[in-house]
Amino acid sequence: MRCKTQQVKWTDGITCSDILKAIAEYDRLGADGVARQWGYRAARRYWLVWEGQRYPSKAIVGIAAEVTRWERKLNGGLSSPASAVCVLRRLGFEVREY
């Protein structure tokens, strides 16, 4: 299954730099801290792979969106171009299904 190519306005503004900031925030807080502060839990299926580490894709995109002060509604799968997986792949990041 591939991500839909239709663009959703809020995803256009997320940059690789935003994703890297979100990764740094995740590393700083850890999984429990992210759950407490941002409300994101471990991924069920799709994980961002960055420098040999796995990160929950929805949490990373959600944090990136929050850090840039946008309000978003995300889903974690492939059903929408607004999904965390599609945003990450569009930006050139690797996302794996486990």
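These legends describe close-up views of one predicted model.

The model is predicted: local features need pLDDT of at least 70 and side-chain atom pairs count only at pLDDT 80 or more, while totals for chains, interfaces and linings use all residues. Residues are numbered from 1 along each chain as its sequence is written, and side-chain values use heavy atoms, with hydrogens and water left out.

**View 1. Three strands form an open sheet in the order β2-β1-β3.** Strands are DSSP runs (E, at least two residues), and helices are runs of H or I with at least four; both are numbered from the N terminus. The pairing is antiparallel. Two strands pair if DSSP finds at least two bridges between them. β2 and β3 (94-97) are the edge strands, each pairing on one side only. From one strand to the next, the twist averages 40 degrees. Axes here are lines fitted to C-alpha atoms, for helices over the stretch in contact; angles run from 0 to 180 degrees between N-to-C directions.

**View 2. β1 pairs with β2 across a hairpin.** Four bridges join β1 and β2 in the antiparallel sense. Trp-50 has Gln-53 in β2 as its bridge partner. Two residues lie between the strands of this hairpin, and Glu-51 takes a positive phi near 50 degrees.

**View 3. β1 also pairs with β3.** This pairing is antiparallel and spans four bridges. Val-49 stands opposite Glu-94 in β3.

**View 4. Helix α3 packs on the sheet.** α3 touches β1 and β2. Contact means heavy atoms within 4.5 Å. The direction of α3 makes about 70 degrees with that of β2. Eight of the 11 residues of α3 are buried. Buried means under 20% relative accessible area, exposed over 50%, and partly exposed in between (1.4 Å probe, protein chains only). Among the buried residues of α3 are Ile-60, Val-61, Gly-62 and Ile-63.

**View 5. The largest nonpolar core holds 23 residues.** A nonpolar core is a set of buried Ala, Val, Leu, Ile, Met, Phe, Trp, Tyr and Cys residues joined through side-chain atoms within 4.5 Å. Ile-14, Ile-19, Leu-48, Ile-60, Val-61 and Leu-88 touch the most other members. α2 (16-38), β1 (46-50), α3 (57-67) and α4 each give two or more residues. α3 gives the most, with six. In soluble globular proteins, nonpolar side chains tend to be buried together.

View 6. Val-87 lies in helix α4 (residues 84-90). Thr-15 is 72 residues from Val-87 in sequence, but the two are 9.3 Å apart in space, C-alpha to C-alpha.

**View 7. Tyr-26 and Tyr-55 form an edge-to-face pair.** The whole structure has two aromatic pairs. Rings of Phe, Tyr and Trp (its six-membered ring) pair if their centres lie within 6.5 Å; planes under 30 degrees apart count as stacked, over 60 as edge-to-face and the rest as tilted. Here the centres are 5.6 Å apart, with 85 degrees between the planes. Tyr-26 lies in helix α2 and Tyr-55 in strand β2 (residues 53-56), so the pair ties together parts that are 29 residues apart in sequence. Both tyrosines, Tyr-26 and Tyr-55, are buried.

**View 8. Arg-54 sits over the ring of Trp-47.** The charged end of Arg-54 is 4.9 Å from the centre of that ring. Arg-54 also lies over the face of Tyr-98, at 4.2 Å from the ring centre. A charge sits over a ring if NZ of Lys or CZ of Arg is within 6 Å of the ring centre and within 35 degrees of the ring normal.
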